[in-house]
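Good morning, and thank you for making time on the agenda.

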Amino acid sequence: MAHVITEPCIGTKDTKCVEACPVNCIHPMPGEAGFEADTQLYIDPEACIDCGLCVDECPVQAIFPQDDVPAEWRKYIQINADHFKRS
Ligand code: SF4
């Protein structure tokens, strides 16, 4: 299980979640390759420890535990995972 970043992040890319994450599994971080080009941030499902600290940091409520992702945004579970397969 992991947390997942969903549609409200697109065009927002607030980075308070990055600062809150104790295992640095939210990417791209500011200064990393792709930060400017990517439309949203992603959580690495292999590295996330499900602590939930990022959830309340998000100003647009884009982050959910995988099991609680709203039905219309469930495709973001795969979108988050795929980001780490291609990078
Ligand atoms: Fe990082 Fe915890 Fe959020 Fe997972 S749930 S992305 S480990 S802050």
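First, a word on the basis of what I say. This is a predicted model, in which local features need pLDDT of at least 70 and side-chain atom pairs count only at pLDDT 80 or more, while totals for chains, interfaces and linings use all residues. Residues are numbered from 1 along each chain as its sequence is written, and side-chain values use heavy atoms, with hydrogens and water left out.

Let me start with the layout. The protein has two helices and four strands, where helices (H or I, at least four residues) and strands (E, at least two) are DSSP runs numbered from the N terminus. Read from the N terminus on, the order of elements is β-α-β-β-β-α. The radius of gyration, taken over C-alpha atoms, is compared here with a globule rule of 2.2 Å times the number of residues to the power 0.38. The protein has a radius of gyration of 11 Å, close to the 12 Å that the rule gives for 87 residues, so it is as compact as a globular protein of that length. Along the principal axes, the C-alpha atoms fill a box of roughly 30 × 25 × 25 Å.

How much of the protein is buried? Buried means under 20% relative accessible area, exposed means over 50%, and partly exposed lies in between, using a 1.4 Å probe and protein chains only. Buried residues make up 44% of the 87 residues. As for contacts, meaning heavy atoms within 4.5 Å, residues 24 or more positions apart account for 73% of those with a separation of 6 or more.

I turn now to the interior. In soluble globular proteins, nonpolar side chains tend to be buried together. A nonpolar core is a set of buried Ala, Val, Leu, Ile, Met, Phe, Trp, Tyr and Cys residues joined through side-chain atoms within 4.5 Å. The largest such core has 17 residues, and those touching the most other members are Ile-5, Cys-17, Ile-26, Leu-41, Ile-43 and Ile-63. Not counting residues up to four places away in sequence, Leu-41 touches residues including Ile-5, Cys-17, Ile-26 and Phe-35. There is also a second, separate core of six residues, among them Val-4, Phe-64, Val-69 and Ile-77.

One of the contacts of Leu-41 is Thr-15, which lies in the loop between strand S1 (3-5) and helix H1 (16-20). Thr-15 counts as buried, at 18% relative accessibility. Leaving aside neighbours within four places in sequence, Thr-15 is in contact with Pro-30, Phe-35 and Leu-41.

Next, the cysteines. How many disulfides are there? A disulfide is taken as a pair of cysteine sulfur atoms within 2.5 Å, and by this rule the count is zero. The sulfur of Cys-17 has its closest cysteine sulfur in Cys-54, 6.6 Å away, which is too far for a bond. Cys-25 is likewise in no disulfide, the nearest cysteine sulfur being that of Cys-21, 3.7 Å away. Cys-17 is buried, at 5% relative accessibility, and Cys-25 is buried, at 3%.

The aromatic rings come next. Rings of Phe, Tyr and Trp (its six-membered ring) pair if their centres lie within 6.5 Å; planes under 30 degrees apart count as stacked, over 60 as edge-to-face, and the rest as tilted. The structure holds one such pair. The ring centres of Phe-64 and Trp-73 are 6.1 Å apart and the planes are at 50 degrees, so the pair is tilted.

A charge sits over a ring if NZ of Lys or CZ of Arg is within 6 Å of the ring centre and within 35 degrees of the ring normal. The charged end of Lys-13 sits over the ring of Phe-35 in this way, 4.7 Å from its centre.

Finally, the backbone. Most residues other than glycine have a negative phi, and most peptide bonds are trans. His-27 and Pro-28 are joined by a cis peptide bond, with omega about -5 degrees. Asp-50 has a positive phi, near 60 degrees, and is partly exposed, at 27% relative accessibility. Gln-61 also has a positive phi, near 50 degrees, and is exposed, at 54%.
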